[in-house]
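Please read the points below with the model open. They are meant for someone who has not looked at this chain before.

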Amino acid sequence: MTEIDAKIDALVPAWLTLPDIAEQFGVEVTRVRQLVKEGQLIAVRRGENRALHVPAAFIDGDKVVKGLTGTLTLLRDDGFTDEEMLEWLFTPDESLPGTPAQALSENRGTEVKRRAQALAV
């Protein structure tokens, strides 16, 4: 869980607090915190209260967007920090088109994972 900088904050169009996600998932906030701890989600501190927030694009109704967890694992294995992962996921990529986060939400995870794997080379 990192402190967010203005550049990343500007890239991510919408954020959700952990209690918001817990409500959507129908679980306790502690379960959402566990997802963050396990690396299935990225949470950053932002706003006046420095509350933990997760990009809204990472949530699909009552679950984590398909393919996100695997992509985060690949990026972590490549040595990316949480901030670098957010920047990569929300920076437009003309070859996709759109951002990797958009591609994941559109069920194009294989393309995103291929690009993440290529970063390690």
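1. Glycine after α3. Helix α3 is followed by G39, and the phi of G39 is positive, near 85 degrees. The model is a predicted one, and the remarks below should be read as remarks on that prediction.

2. Buried face of α3. Which residues of α3 are buried? They are V32, L35 and V36. Seen down the helix axis, the buried residues of α3 fall within an arc of 100 degrees, so they line one face of the helix. T30 and K37 lie on the other side of α3 and are exposed. The partners against which the buried residues of α3 pack are α2 and β6.

3. Packing of α2 on α3. Helix α2 covers residues 18-25 and helix α3 covers residues 29-37. Their axes are 8 Å apart, and the two helices pack at an angle of about 110 degrees. Angles of 65 to 115 degrees count as roughly perpendicular, and α2 and α3 are therefore roughly perpendicular to each other. On the α2 side the contact involves L18, P19, I21, A22 and F25, which meet V29, V32, R33, L35 and V36 of α3. The residues of this contact between α2 and α3 divide into nine nonpolar, no polar and one charged.

4. Loop between β3 and β4. Strand β3 is at 44-46 and strand β4 at 51-55, and G47 is in the loop between them. G47 is exposed, its relative accessible area being 54%. From G47 to V36 the separation is eleven residues in sequence and 19 Å in space, C-alpha to C-alpha. R50 is also found in the loop between β3 and β4. R50 is not a glycine, yet its phi is positive, about 55 degrees. The relative accessibility of R50 is 43%, and R50 counts as partly exposed.

5. The annotated region. The unreviewed UniProt entry places the feature "domain: Rv2175c C-terminal" at residues 65-120. Over residues 65-120 the chain is 62% helix and 0% strand.

6. Buried face of α4. Helix α4 spans residues 68-77, and its buried residues are L68, T71, L72 and L75. They cover an arc of only 100 degrees around the axis, which puts them on the same side of α4. What do the buried residues of α4 pack against? The partners are β6 (63-64), α5 (82-89), α6 (100-105) and α7 (109-119). Just after α4 comes G79, with a positive phi of about 90 degrees.

7. Packing of α4 on α7. The axes of α4 and α7 are 9 Å apart, and the angle between the helices is about 5 degrees. Angles under 35 degrees count as roughly parallel, and α4 and α7 are therefore roughly parallel to each other. In this contact α4 supplies G70, T71, L74 and L75, while α7 supplies V112, K113, A116, Q117 and L119. The residues of the contact of α4 with α7 divide into five nonpolar, three polar and one charged.

8. Cis bond at P97. L96 and P97 are joined by a cis peptide bond, with omega about -15 degrees. P97 is in the loop between α5 and α6. Most residues other than glycine have a negative phi, and most peptide bonds are trans. A reader may want to look at this bond in the model.

9. Loop between α6 and α7. N107 lies in the loop between α6 and α7. The phi of N107 is positive, about 60 degrees, although N107 is not a glycine. Is N107 buried or exposed? At 52% relative accessibility, N107 counts as exposed. R108 also has its place in the loop between α6 and α7. R108 counts as buried, with a relative accessibility of 18%, and under 20% is the limit for that label. Leaving out residues up to four places away in sequence, R108 touches L96, P97 and A103.

Conventions
Residues numbered from 1 in each chain as written. Predicted model: local features only at pLDDT ≥ 70, side-chain atom pairs only at ≥ 80, totals over all residues. Heavy atoms only, no water. UniProt positions renumbered as here; feature names shortened; annotations may be inferred. Helix = DSSP H or I, 4+ residues; strand = E, 2+ residues; numbered from the N terminus. Buried < 20%, exposed > 50% of the residue type's maximum accessible area, 1.4 Å probe, protein only. Arc of directions from axis to C-beta. Contact = heavy atoms within 4.5 Å. Axes fitted to C-alpha atoms, helices over the stretch in contact; angles between N-to-C directions. Parallel < 35°, antiparallel > 145°, perpendicular 65-115°, else oblique. Nonpolar A, V, L, I, M, F, W, Y, C, P; charged D, E, K, R; others polar.
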